Amino acid sequence: MTSELDKNVQYLKGIGEKKAALFAKLKVFTVGDLLAFYPRDYERWDRVYPIGEAPLDTDVCVAASLISPFTVRKTRAGLLVFSTVAADGDHFLALTFFNNKYVKDALKDGEEYLFYGKIRLNADGNREMVAPAYARVSEGGYLHPVYPQTEGLNSKAIAKAVRTAIDLYGGCLKETLPDEQIRKYRLLPSAQAVEQIHFPKNEEEIHAARRRLIYEELLTLQLGILTAGGGERVSTRFALTRDRSAAFAETLPFRLTNAQQRAIRECMADMQSGKAMRRLLQGDVGSGKTAVAAALIDSCAASGFQSALMAPTEVLAQQHYRTFREFFKDTGLRIELLTGSVTPKNKRLIKERAAQGDVDLLIGTHAVITGDVQFQNLALAVTDEQHRFGVTQRAKLREKGDSPHVLVMSATPIPRTLSLIIYGDLDISVLDEKPAGRRDIRTYTVPTVYHERLYAFIRKEVAEGRQCYIVCPAVEESKDTESERTAAEDYAKLLSGTVFRDLRTDILHGKMRPKQKEEAMRRFQKGETDVLICTVVIEVGVDVPNATVMVIENAEFFGLSQLHQLRGRVGRGAAQSYCVLVSDATNEKAAQRLSVMCETNDGFKIAEEDLNQRGPGDFFGNRQSGLPLLKLADLMTDGKILYAARDEAQRILADDPALALPKNVLLKEKVSALFADIS
Ligand code: ADP
Ligand code: MG
């Protein structure tokens, strides 16, 4: 359905091709995008302070008139500095502008203006504002929206464009929410909420607008999750006829923990019931989720069915491939690996065999769910480290076959309220017990001056036959950046050329080709590498029990859950393991994070602390959760609205499961839009 809102912003008055290109940088393409481009904050021009009472070093608005003409001077660097003094009767305020020759004519002597900015005490102890924003008193008095900006496009320009868009097309905004919900929760109508969030007159208006838009956002989210996740358990033809798990357990080199046995029982009951299982297997790093999956896969194969296992990274898929081949080495189970790096010819062969039912277990990355992989009788779809997969991907996997059982495995412990949202209506099994004989990992924080001692410690562990990971300085938050690669390579070169000259070092980072990564992992796994210098590609799921030391450089750059995941790469065997966090950070938050790590090995405690510190926006960022990025809602603080939205979403779907009724068309469009960029 096209509407005025789909028009390109370029055709708005005052926006040409050039500005449209800048808006595109902000991902604003259409008039509709512009209206939904909400301010991230507001300048409070409605609250005018007397100069003498305004707090320092924070944005404030004052009203004052110029009492002296501008003076201009040129700095040695050629910068033009315009200075003047304003006063509000009792107090003076020095004003300074740089390279702004318009200001001299714009501000007229004797007229009163509003100035907005930070007041500082200058060298003479006088109050001063540097480069403040200003407006005539008659133009001010309300809240100015502050938008995410880009070079060449500031908030003022964006606000102007939004104003034009609202004036011309605000009327095209249709109401998406059902009438009864608007009445029940006393929500603003859509068009009014949009206008108000951009141009509120006061705090109450912001609040009301946000409440309406957050409700809408969360309702959309819930509808998306619930429709992707499906409602009721559906019948399936893959009811397992054989439970071989006891026999399988006999073949393992260890005894399953009680928690593992319980989880297997719970899954088996689901899988024998005739309804399709949809279960989350949650367990801290090292709790042994893989063995649970293996037991289920084994019974599926024994019943004549196929399984698929999907991992978030190539490295992890390859590791699973090796692990499962080992698990099943005497069984004749046919296992194949399908990742991006498999040659086209082999891909075709593997796909053919999967389609003919000649593969019992297909392991892979996203390649397994992309379009054209077919199975003859896919009975079980397992996704590992679920927090990297989203609901939509989960749904795709399920669509692969004929209502297969679905098991998602996650090492990210999350509070109950949030798991309700993210995992919708999955049943949950928890591995709350670690394999016997595991010792807690000893964790220390050290400053960089300890490097020599640290290297000596590593040498000692290596001399005892152990292996070590060194996670390199993260250059940026984002993964796999060019600079991260360089940092890793430089560091590896440095270490292998000096302190570890006589040790077997190796490198692993995200920019390496899949084949190279696989080789590096295989060498490390086989014990051919003593020290693996790597980036966070190592974070998820890698399992090398002989590794006992995890060194994390610049540990302050990492979030708590990520640190915990990294640390979980060691302590996987019987030997005492160590995690050393190297950091010179002095900021309090970072220090706090590191001390939490040193205090506890408990993933639940760490996740909770992580949520507290970072807030779920980060915790459930797109990459981690596979949830769409929410614009306004905060899953932690908007809990009440969330629950209301969830109830209403269920009510709507009970009535109209596919959102096919005419009255729900707009909601359905919203859902597709929200989930568009993550599928
Ligand atoms: P995670 O839950 O983090 O995925 P894994 O499945 O990789 O953990 O298991 C961690 C390690 O513990 C593996 O080396 C695995 O073989 C081993 N393991 C799993 N279950 C047990 C057990 N019951 N006893 C001893 N070792 C086990
Ligand atoms: Mg794992």
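Modeller: First a term: buried means under 20% relative accessible area, exposed over 50%, and partly exposed in between, with a 1.4 Å probe and protein chains only. This is a predicted model, where local features need pLDDT of at least 70, side-chain atom pairs count only at pLDDT 80 or more, and totals for chains use all residues. Residues are numbered from 1 along each chain as its sequence is written.

Biologist: Where does Thr-313 lie?
Modeller: Thr-313 is in the loop that joins strand E12 (306-310) to helix H11 (314-327).

Biologist: Buried or exposed?
Modeller: Thr-313 counts as buried because its relative accessibility is 17%. A polar atom of the Thr-313 side chain also sits 3.1 Å from the backbone nitrogen of Leu-316.

Biologist: Switching topic: which strand holds Val-130?
Modeller: Val-130 is in strand E8, residues 127-130. Its relative accessibility is 34%, so Val-130 counts as partly exposed.

Biologist: What share of the contacts is between residues 24 or more positions apart?
Modeller: They account for 74% of the chain's contacts with a separation of 6 or more, a contact being heavy atoms within 4.5 Å.

Notes. Chains are lettered from A and ligands numbered from 1 in the order in which they are written. Side-chain values use heavy atoms; hydrogens and water are left out. Helices (H or I, at least four residues) and strands (E, at least two) are DSSP runs, numbered from the N terminus. A polar contact is a pair of N or O atoms within 3.5 Å; within protein, one must be able to donate a hydrogen and the other to accept it, and residues adjacent in sequence count only if both atoms are side-chain atoms.
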